[in-house]
Each structure stands twice: as C-alpha cells, then as structure tokens.
Amino acid sequence: MKSNNLQVFHSCSPESLLFTKRIMISCTVIIFIISILFIQLYRIQIMHFHMYVTRSNENRIKIIPISPKRGIIYDRNGIALALNRTVYYLEIMPKHILNLNQTIYKLQSLLHLNNADIQYLKKYHECFSRYQLSSIKIKLTEEQHARFAVNQFQFDHNEITIQKYQYRYYPYGSVLTHVIGYVSKINASDIKQLNKKGILQQYTATQDIGKLGIERYYENILHGTPGYGAVEVNNRGKIIRKLYEKQSIPGNSIILTLDLHLQKYITKLLIGSRSSVIVIDPRNGGIRALVSHPSYDPNLFVNGISRTEYHLLLTDDNCPLLNRATQGVYPPASTVKPYISVSALTLGIINKNFSFFDPGWWQLPGSEKRFRDWKRWGHGELNITKALEESSDTFFYQIAYKMGIDNLSEWMTKFGYGKYTGIDLLEELTGIMPNREWKIKKYKTPWYQGDTISVGIGQGYWSATPVQMSKALITLINDGNVLVPHLLNSILLNEQYYIPYTQIERNQIGDPKSNVWEIAKDGMFGAANRPNGTVKNSFSNTEYKAAVKSGTAQLFSLRNNQTYNPNKISKYLKDHKLMTAFAPYDKPTIAVVIILENGEGNIPIGTITRKILDFVLLQ
C-alpha cells in the first residue's frame with residue numbers, strides 16, 4: 001500500500017491582511033503626527049517668526065531704566081532749599097542666599113546690623129518672593145559702605161549688593177515745609193493718576209513723586225525724563241555685557257521768590273503761637289515769605305513716616321499738618337474796611353465828605369437790635385478817613401446797610417475773596433464770601449439785613465485765607481490792578497538761560513486814576529502815623545512810613561450786656577488777631593499779612609509786623 005506523503009500548507013492570507021492593515025494605520029498616524037509637527041514648525045518658523053525672536057531676545061536682553069536727577073529748588077538768593085543726596089542701600093536677592101544664618105553672621109560682623117534689621121531679613125527671606133530684590137537697610141554710612149566694599153568677596157555673586165540711589169533732602173526742615181512740601185514713595189493712587197494722564201512710563205525708574213507744596217505743583221518740571229540701558233544676561237540673570245545706554249534727562253531746577261533768611265527770621269518771631277504770615281512784593285506778586293506755624297519736618301515723609309510719628313502729627317491740637325497760609329480760614333475782620341471803603345466810594349454810596357456820628361452802637365432800622373462798636377463810648381463824628389484810622393465798626397455797619405449784601409459780595413469777590421487766588425500751591429481753600437444764594441443753599445433760610453451788617457466788618461458768615469487777604473491788599477496798593485500771588489521766580493534751563501514767571505492774571509477793578517484808592521490807603525496811613533491811629537504806638541517812630549490796618553476776629557457772639565473776658569473762656573474761643581501792612585507808603589515794596597490764632601504768641605502782633613518791615617527795609 002502506497003503511503004500518502006503530500007504536505008498540507010496553511011493559508012496565510014488573513015494574517016497578511018491584518019498585518020498590512022496595522023502597517024497602514026501606523027503609517028497614517030505617523031504621517032499625521034509628522035504633518036502636525038511640520039505645520040507647527042511652519043507656524044513657529046515662518047508665521048510667528050518675529051514674535052518668537054522678540055521673546056528670545058527678551059530672555060537674554062534686559063532693559064534697565066535709569067532714573068532722572070530731580071531738579072533743585074533755590075530761594076531768591078541761590079540757596080538750595082531742596083536737593084538730592086546720594087544714599088547707599090543694602091539689598092538682597094533671596095534666591096542667591098544658600099545659608100541664611102551664615103549670611104546674617106557675616107553682615108552683622110561687617111555692618112553691625114541691629115535686631116530689627118536681622119528680624120526683617122529673616123521675615124523677608126521666609127515670606128516674600130525669592131526673585132524680588134529688596135532693601136534690608138537704607139542710608140548706610142560711608143564707613144559701612146567702605147567695609148562692605150572691601151569684604152564683598154565673602155559673599156556669593158548677587159547674594160548681597162549695595163546699590164546707590166538719589167533721595168530728596170530738605171536742609172531747613174520745618175521752616176519751609178508748607179511751601180516746598182516734600183516727595184514720597186509712589187503709591188497706588190499716584191499710579192492711577194499718572195496712568196490717567198498718560199505719563200506712567202515716565203516713572204518706571206522713579207520711586208518718589210511730589211506729594212505737597214512746590215514739589216507737587218511743579219512735579220512735571222522738577223521730575224525730568226528717564227533714560228534706559230540694555231544689557232545682555234545669561235540664564236542665571238548675570239550681566240554679561242552692556243549693549244547700549246540712553247542717558248536720562250535731569251529735571252529743571254527752579255528759583256523761588258522766597259527769601260530764606262526772612263522766612264527763618266519770621267519763624268523765630270512766631271514761636272509759641274499758632275499763626276500765619278505772608279510777606280509779598282506788591283510790584284509783581286512775588287511771595288518773599290510764607291510761614292505757617294507750627295510746622296513739621298518734611299524729611300520724615302521722604303522714606304516713609306512711621307505710624308507712631310504720623311499719629312502724633314494727626315492728633316496734635318496745634319494742627320502742624322495744616323497750611324494756615326492757604327488752608328486756614330478766618331473771619332477777615334476789620335482788615336477788609338479799606339476795600340469796602342473803595343467799593344462804597346466807587347458805587348457812590350458815600351463820598352469823601354460823608355459824615356456819620358458814632359455813639360458806640362448802630363441800630364438796624366425797624367428793629368430793636370443794636371450792633372455794638374468795639375469802642376463802647378463811640379468815636380463821635382466820623383468821616384471815611386477817621387473811620388479807617390480808628391477802625392470804627394458803626395461807620396461800616398452804616399455803609400454795609402446802604403450797600404446791601406449783593407453789592408458787598410460782588411465787590412469783595414473782585415478783590416479775590418471766596419475764590420482761589422491762583423497761587424502755585426494746590427493746597428488751597430476758598431473760604432466763604434456769603435450771599436443770598438449761598439445761604440439758601442447752605443442753611444435753607446433767606447438772607448436777612450442783620451446778616452449784611454456783620455459782613456460789613458468782616459464777620460458773620462465771611463471767612464478767608466491769609467493768601468486771599470494778601471491778594472486783596474496788593475490789589476489796593478496797585479489801585480485795583482489784580483496780581484496773582486506766586487512763589488515761582490524762574491525755571492532754569494541751564495547755566496545761562498531761564499524762563500521767568502509771567503503773571504497769569506491782570507484784571508483791573510474800577511478806575512486806577514480815581515482818588516478812591518488814595519482815600520482808603522490814606523486811612524491806613526493814619527492808623528499807623530496819626531495821633532488817633534489804632535496802631536500808632538507800633539509804627540509812629542519808624543524810619544520809613546507804613547500803612548497798616550489791624551483786625552480782631554470774634555469767634556462767638558456776645559449777648560447784649562455781656563463783656564468779652566479772655567480769662568474766662570477757652571483759649572480756642574479767644575479772638576484772632578490780624579494785621580495787614582505795607583511800606584514804604586509812597587512807593588510800596590513790601591506788604592505783610594499776619595494772623596495770630598486766638599491772639600496767642602510771645603510777641604504782640606504790632607511788634608511782629610514792625611520787626612518784619614524793619615528786617616526787610618532796614619537790613
């Protein structure tokens with residue numbers, strides 16, 4: 001029997017098909033992934049080439065802003081009132097500190113850090129960003145700076161560094177605070193305002209900004225323009241080389257109309273008082289001295305004042321933070337009588353021959369109410385000159401009654417009351433020049449004739465600032481020519497060129513050739529020089545001739561039979577003492593306004609005024 005040796009072969013076609021299918025799927029996936037990769041490469045290399053080049057450069061090129069040098073503020077004699085000082089800051093970068101305790105030990109032995117410095121360093125290292133540079137000690141002494149420079153090799157690169165900064169310094173402290181103001185750290189509110197003005201980029205390299213006074217008002221002039229430098233850094237942030245640098249443009253320096261010597265002299269005269277003095281040149285409106293007493297040291301605010309120190313200033317009963325010259329509001333009292341005289345004469349309410357008998361009181365027609373004169377037995381027969389010389393209240397009650405509040409308010413507004421003066425300080429209040437509309441809006445009651453009578457002697461609802469009183473005074477001196485009080489003398493462009501201040505307002509009240517101006521000024525002259533003058537004892541023997549008007553501002557009304565006794569009332573309810581003066585009488589070069597709150601001070605107000613005029617005119 002023949003055996004069957006035929007082999008049986010298994011068919012592979014199903015496995016081949018499966019394998020082929022898998023190969024096809026794998027190839028498709030690979031091709032798809034490669035396609036995505038090429039599309040992405042095309043997108044990066046072609047479509048967004050410039051964007052990624054820029055990002056790459058940003059990783060290796062660092063732009064460092066360069067802060068501009070702030071302009072210097074000088075007085076009229078070239079004395080620096082606000083200047084820049086170099087200060088050294090000890091700074092750390094936490095990410096570079098490998099052994100904190102060892103670093104502290106080295107610093108303590110080198111720089112004699114106190115416990116507060118050490119605690120701050122530990123807290124900062126634990127709580128804040130490891131990549132944020134921070135100052136742990138400011139204002140290093142020259143010795144500390146030198147010791148660190150010699151021993152810097154002990155520290156790893158960028159672990160501890162000393163940086164040099166400019167900071168603002170006010171060498172005369174509290175003497176000029178309410179004029180110069182101060183700079184301080186830029187805060188969120190400042191950033192918001194700078195951004196709103198579109199100048200935030202100008203402060204990328206700056207830590208400080210003007211917060212008060214001249215520093216604030218002329219910030220755009222003093223600040224300057226920042227520069228910048230570009231450096232190449234490695235992946236650890238180390239600077240490899242400098243690429244280019246654009247220098248910053250320093251701010252312009254400014255010269256003020258202030259006289260530092262006069263400012264310091266007046267400050268000494270006001271010791272022991274709450275007061276304000278403004279000395280101004282009536283020929284151009286330049287302020288020679290502006291003093292608000294008491295004051296405070298502006299240097300406290302430059303690097304940030306402590307909570308304790310700021311609380312002491314806020315709670316001080318003498319209010320040192322208040323600029324009394326521009327923000328203190330007081331009844332102008334009898335200092336306004338010359339201006340009311342000009343108004344009444346101009347309107348024809350009275351003439352120079354108008355006479356009036358003063359028995360010591362004035363009674364409102366149709367009323368039993370009597371308005372008393374400061375001189376209880378009266379001044380007798382008066383004309384306009386004698387009324388000013390003796391500061392009769394009853395005479396001006398009569399004038400106010402005849403003028404009415406509408407005329408009074410209109411004319412006193414022309415003299416600058418009830419509105420901003422235009423002085424180059426932003427810290428200013430307008431006071432109140434009352435009228436019918438104001439009272440209805442404020443108190444929801446109509447204006448009464450009795451209200452007008454008090455306004456006629458600078459009392460009642462009327463309140464004003466010393467700088468407003470100064471503006472009114474120089475307007476009288478200049479026969480109605482209105483000048484704006486100002487502190488800026490000129491802006492320095494360089495050593496040879498400057499931009500002088502120009503008056504922003506030159507209005508004219510009434511007729512400058514009318515004799516009404518001379519009548520009012522002659523009354524002030526008589527007050528200082530004639531036998532019946534109210535302040536003759538202080539000014540009658542001067543080498544020059546002055547014109548003066550005093551005032552006493554009452555802070556509460558006396559009852560009909562009540563007598564004012566300063567010994568029986570709170571010191572904060574005592575009358576304010578005011579005085580306005582100018583000299584020499586024929587060709588005035590100086591005008592003075594003084595307010596002593598509650599009449600307090602070591603020297604009488606007449607003596608202070610005389611000493612100031614002597615200092616300016618005789619020295």
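**Exercises on a predicted model**

Helix α19 (residues 466-477) lies across β11 (275-280), β22 and β23, at about 150° to β23; axes are lines fitted to C-alpha atoms, for helices over the stretch in contact (heavy atoms within 4.5 Å), with angles from 0 to 180 degrees between N-to-C directions. The model is predicted: local features need pLDDT of at least 70 and side-chain atom pairs 80 or more, while totals for chains, interfaces and linings use all residues. Residues are numbered from 1 along each chain as its sequence is written, and side-chain values use heavy atoms, without hydrogens and water.

**Exercise 1.** State the strand order of the open sheet and identify its edges.

*Solution.* Helices (H or I, at least four residues) and strands (E, at least two) are DSSP runs, numbered from the N terminus; two strands pair if DSSP finds at least two bridges between them.
- Step 1: The order of the 5 strands is β12-β11-β23-β22-β21, with antiparallel pairing.
- Step 2: β12 (287-293) and β21 (547-553) each have a single partner strand, so they are the edges.
- Step 3: Within the sheet, β22 (residues 576-583) and β23 (residues 590-596) share 7 bridges, and A583 stands opposite I590 in β23.

**Exercise 2.** Determine whether K337 is buried or exposed, and describe its surroundings.

*Solution.*
- Step 1: K337 belongs to helix α14 (residues 337-347).
- Step 2: Its relative accessibility is 0%, so K337 is buried (under 20%; exposed is over 50%, partly exposed in between; 1.4 Å probe, protein chains only).
- Step 3: Beyond neighbours within four places in sequence, the contacts of K337 include D393, F396 and K549.
- Step 4: A polar atom of the K337 side chain lies 3.0 Å from the backbone oxygen of S391.

Key
Polar contact = N/O pair within 3.5 Å; in protein donor to acceptor, adjacent residues only side chain to side chain.
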